Amino acid sequence: MTIDLRSDTVTQPTPAMREAMFSAPLGDDVFGDDPTVNALETKAAELFGMEAALFCPSGTMTNQLAIRTHTRPGDEVICDQLSHIYLYEGGGTMANALVSVALLPGVRGKLTPELIRDAVNNPADPHRPLSRLVSLENTMNKGGGCYYTVPEIAAIQQVCKDHKLVLHLDGARLFNALIETGDSPEAYGQLFDSISICLSKGLGCPVGSLLLGKRDFIAQARRYRKLMGGGWRQAGFLAAAGIYALDHHVNRLKIDHSRARKIGAILEKRPEVEEIYPIDTNIVIFRLPESILAADYVDQLAEKGIRAVTFGKHLVRFVTHLDFTDEHLTELEKRLAV
């Protein structure tokens, strides 16, 4: 038995999800006539109380489309220094949208209204780029799966309104946050100008993310998606998985969070673990002593049939998901003790 905790992207479609995929009616999405893609986009937009949605292959694409559509070359995007859009999207913010970034030192990757307010450039100063967009990440990957509350976001939204800034959400694991806070998707739809949600992480789909926003914004993003080569044909196979996941895989995220906390309790007993980040959702990040490199430790885990990723020189990340069961959890504890 391999215990794969590298990411919640490693899941396989469940039998019921596969059945939904193979029975989906199909069309050609480039022509706009794939009924299952259209149904997914409508469903997601209505779920968040937003006007429209765009189905894309990845969260990187939805984030990059949002930045490209909201900004003009030479603008500046404000985000945390640990943001996925900066660290893990191949420099796309700069390459695709020709914008710069203002990297802020949030707490576990979370920004505050004060940090954002102080980072806004004077629009009358020609030496500085125009501050145009604020991007938040929820949950925050590099922060160990921590999340914003609606009041925290509302305070940031007010700063954006005061300075005429656009507010975007990288919500790759947004449903993990929602299931913990009990907040509604509609509340988020009222706070953000655009939202990216990933279907292939905690929700367990094989592929796909959605970008949500106003109808005109999504129409322009669709044009840029085509420019980036993101048009696809009978994508309803994948869209059907998304519909199934939204209907059946959201509430079960609590199980992943519970198992993550149980992993934390197991790691607390391990002498090689110096620190464990607070476990808020399904991400477990732990620190090793200076004498142990994360890369070496991950190699040792692999020899025990445990797959993980390094998250820094001395940091290791585990991520729970729907294919990580109680049986895997029991076996993990045994193997770590060897």
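Student: At what angle do helix H2 (residues 35–48) and H11 pack, and how far apart are their axes?

Tutor: First, the general idea. Axes are lines fitted to C-alpha atoms, for helices over the stretch in contact, and angles run from 0 to 180 degrees between N-to-C directions. Here H2 and H11 pack at about 30°, and their axes lie 8 Å apart.

Student: What kind of model is this?

Tutor: It is a predicted model, where local features need pLDDT of at least 70 and side-chain atom pairs count only at pLDDT 80 or more, while totals for chains, interfaces and linings use all residues. Residues are numbered from 1 along each chain as its sequence is written, and side-chain values use heavy atoms, with hydrogens and water left out.

Student: How is a helix assigned?

Tutor: Helices (H or I, at least four residues) and strands (E, at least two) are DSSP runs, numbered from the N terminus.

Student: Is the crossing of H2 and H11 left-handed or right-handed?

Tutor: A crossing is left-handed if the near helix is turned anticlockwise from the far one by less than a right angle, and right-handed if clockwise. H2 passes H11 in a left-handed crossing.

Student: Which residues make that contact?

Tutor: Contact means heavy atoms within 4.5 Å. H2 brings Thr36, Val37, Ala39, Leu40, Lys43 and Leu47. H11 answers with Gly236, Ala239, Ala240, Gly242, Ile243, Leu246 and Asp247.

Student: How do the residues of this contact divide?

Tutor: Ala, Val, Leu, Ile, Met, Phe, Trp, Tyr, Cys and Pro count as nonpolar, Asp, Glu, Lys and Arg as charged, and the others, Gly among them, as polar. For H2 with H11, there are eight nonpolar, three polar and two charged.

Student: How does H1 pack on H11?

Tutor: H1 (residues 15–22) and H11 (residues 236–248) pack at about 135°, with axes 8 Å apart. That makes H1 oblique to H11. Angles under 35 degrees count as roughly parallel, over 145 as roughly antiparallel, 65 to 115 as roughly perpendicular and the rest as oblique. The crossing of H1 past H11 is right-handed. Ala16, Met17, Ala20, Met21 and Phe22 of H1 meet H11 residues, including Phe237, Leu238 and Tyr244.

Student: Are His257 and Asp256 buried or exposed?

Tutor: Buried means under 20% relative accessible area, exposed over 50%, partly exposed in between (1.4 Å probe, protein chains only). His257 is buried at 0%, and Asp256 also counts as buried at 0%.

Student: What do they touch, beyond neighbours within four places in sequence?

Tutor: With those neighbours left aside, His257 contacts Asn176, Ile179, Glu180, Asp280, Thr281, Asn282 and Thr320. On that basis, Asp256 contacts Asn282, Thr320, His321 and Leu322. Asp256 and Leu322 are 66 residues apart along the chain, yet their C-alpha atoms are separated by 6.8 Å.

Student: Where is Tyr224?

Tutor: Tyr224 is in helix H10 (residues 215–227). It counts as buried, at 17% relative accessibility. Leaving aside neighbours within four places, Tyr224 contacts Leu65, Arg68 and Thr69.

Student: How many disulfides are there?

Tutor: A disulfide is a pair of cysteine sulfur atoms within 2.5 Å. This structure holds zero. The closest cysteine sulfur to that of Cys146 is in Cys79, 15 Å away, so a bond is out of reach. Cys160 is in no disulfide either; its nearest cysteine sulfur, that of Cys79, is 13 Å away. Cys146 is buried at 4%, and Cys160 is buried at 3%.
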